[in-house]
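Trainee: I am new to this structure and would like to learn how to read its aromatic rings. Could we go through them step by step?

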Amino acid sequence: MDISVVIPLYNEDESIPELYAWIKRVMKENHFTYEVIFINDGSTDRSWEIICELKKQQPEVVKGIKFRRNYGKSPALYCGFEQAQGDVVITMDADLQDSPDEIPGLYHMIKDEGYDLVSGYKQKRYDPISKTIPTKLFNATARKISGIKNLHDFNCGLKAYRKAVVKNIEVYGEMHRYIPYLAKNAGFDKIGEKVVQHQARKYGSSKFMGLNRFVNGYLDLLTLWFLSTFGKKPMHVFGFLGTIMFFIGFVAAFWIGADKLWCLAHHIPQRLVTDSPYFYIALTMMMIGTQLFLTGFLGDLISRSSSGRNDYQIEETI
């Protein structure tokens with residue numbers, strides 16, 4: 001099979017028929033063998049009924065996954081990637097802002113130019129300024145931290161992947177924004193970009209507006225940076241910091257004790273050790289150092305057994 005199109009959606013019943021007809025036309029014109037996987041992320045409208053109707057029309061092409069409740073885009077992509085069978089996997093949003101006409105170009109960049117992942121770049125956007133300015137700042141930060149300098153739009157829903165990429169990365173939480181970074185960490189470092197057409201929303205309103213998405217985006221980026229750097233070796237950072245703090249505290253406490261003993265040996269009046277603030281500072285540093293060391297040790301144990309992170313309640317699969 002040439003292409004798997006993975007489409008996560010939430011309350012997009014108005015746009016699904018038009019989007020599917022558009023995908024179908026593009027695939028037929030380019031003689032691709034394909035499948036379309038809809039992941040219904042807890043929609044409360046008629047989205048699932050429409051997906052079932054499309055399944056009846058083309059049972060060999062349409063697949064559907066229905067979540068029992070709303071989990072988010074990352075869980076939807078994770079389950080879609082598990083089902084995908086095409087040599088090239090293409091993701092897009094269901095709101096008609098991503099153009100299926102871009103599919104042939106994305107496909108050929110993967111198959112003919114040898115890219116592992118190609119991310120769309122919506123150079124001309126139809127979003128309000130309250131969304132575009134934070135997006136630019138967010139992408140600049142993501143480029144700096146990830147080291148992927150050639151991507152301008154990490155969060156673009158329109159992406160193409162070599163099949164091996166989606167089968168070897170784990171998308172969880174809200175990490176869909178950083179799939180290129182996840183791919184790079186998994187060893188798929190040939191990552192490209194394609195300028196794609198961004199269309200104005202035709203039906204309804206965006207489901208992803210709000211300041212919290214940008215705050216959460218930065219927090220997720222810091223989490224991913226830490227996990228990619230120390231996730232497999234938490235003891236290296238916590239153990240190191242703990243050892244340094246404990247050593248400094250121990251040396252300080254030893255110095256205070258030695259100074260007290262020297263003064264007693266030479267009959268020099270000296271106040272009690274417990275009256276010195278430096279004693280409590282040294283003691284606190286030793287305690288914090290011990291706690292950091294134990295944190296690293298527990299982190300090592302936890303990193304070895306993190307089962308159930310991608311356990312989602314799927315109500316129905318077609």
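Predicted model: local features only at pLDDT ≥ 70, side-chain atom pairs only at ≥ 80, totals over all residues.

Trainee: How many aromatic pairs does the structure hold?

Mentor: A pair of aromatic rings is described by the distance of the centres and the angle of the planes. The structure holds six such pairs. In one of them, the ring centres of Tyr20 and Phe38 are 6.4 Å apart and the planes meet at 55°, so this pair counts as tilted.

Trainee: Which parts does the pair of Tyr20 and Phe38 tie together?

Mentor: Tyr20 belongs to helix H1 (residues 16–30) and Phe38 to strand S2 (residues 34–40), so the pair links parts 18 residues apart in sequence. Tyr20 is buried, because its relative accessible area is 3% and buried means under 20%. Phe38 is buried as well, with a value of 0%.

Trainee: What are the distance and angle for Phe67 and Tyr71?

Mentor: Their ring centres lie 5.2 Å apart with the planes at 90°, so the pair is edge-to-face. Both Phe67 and Tyr71 are buried.

Trainee: Which charged residue sits over the ring of Tyr115?

Mentor: That is Lys190, whose charged end is 5.4 Å from the centre of the Tyr115 ring.

Trainee: Is Gly187 buried or exposed?

Mentor: Gly187 is exposed, because its relative accessible area of 51% is over the 50% cut-off. Gly187 is in the loop between helix H7 (179–185) and strand S7 (191–195). Between Gly187 and Val165 there are 9.1 Å in space, C-alpha to C-alpha, and the two are 22 residues apart in sequence.

How values were computed. Residues numbered from 1 in each chain as written. Heavy atoms only, no water. Helix = DSSP H or I, 4+ residues; strand = E, 2+ residues; numbered from the N terminus. Buried < 20%, exposed > 50% of the residue type's maximum accessible area, 1.4 Å probe, protein only. Phe/Tyr/Trp six-rings, centres within 6.5 Å; stacked < 30°, edge-to-face > 60°. Lys NZ or Arg CZ within 6 Å of the ring centre and 35° of its normal.
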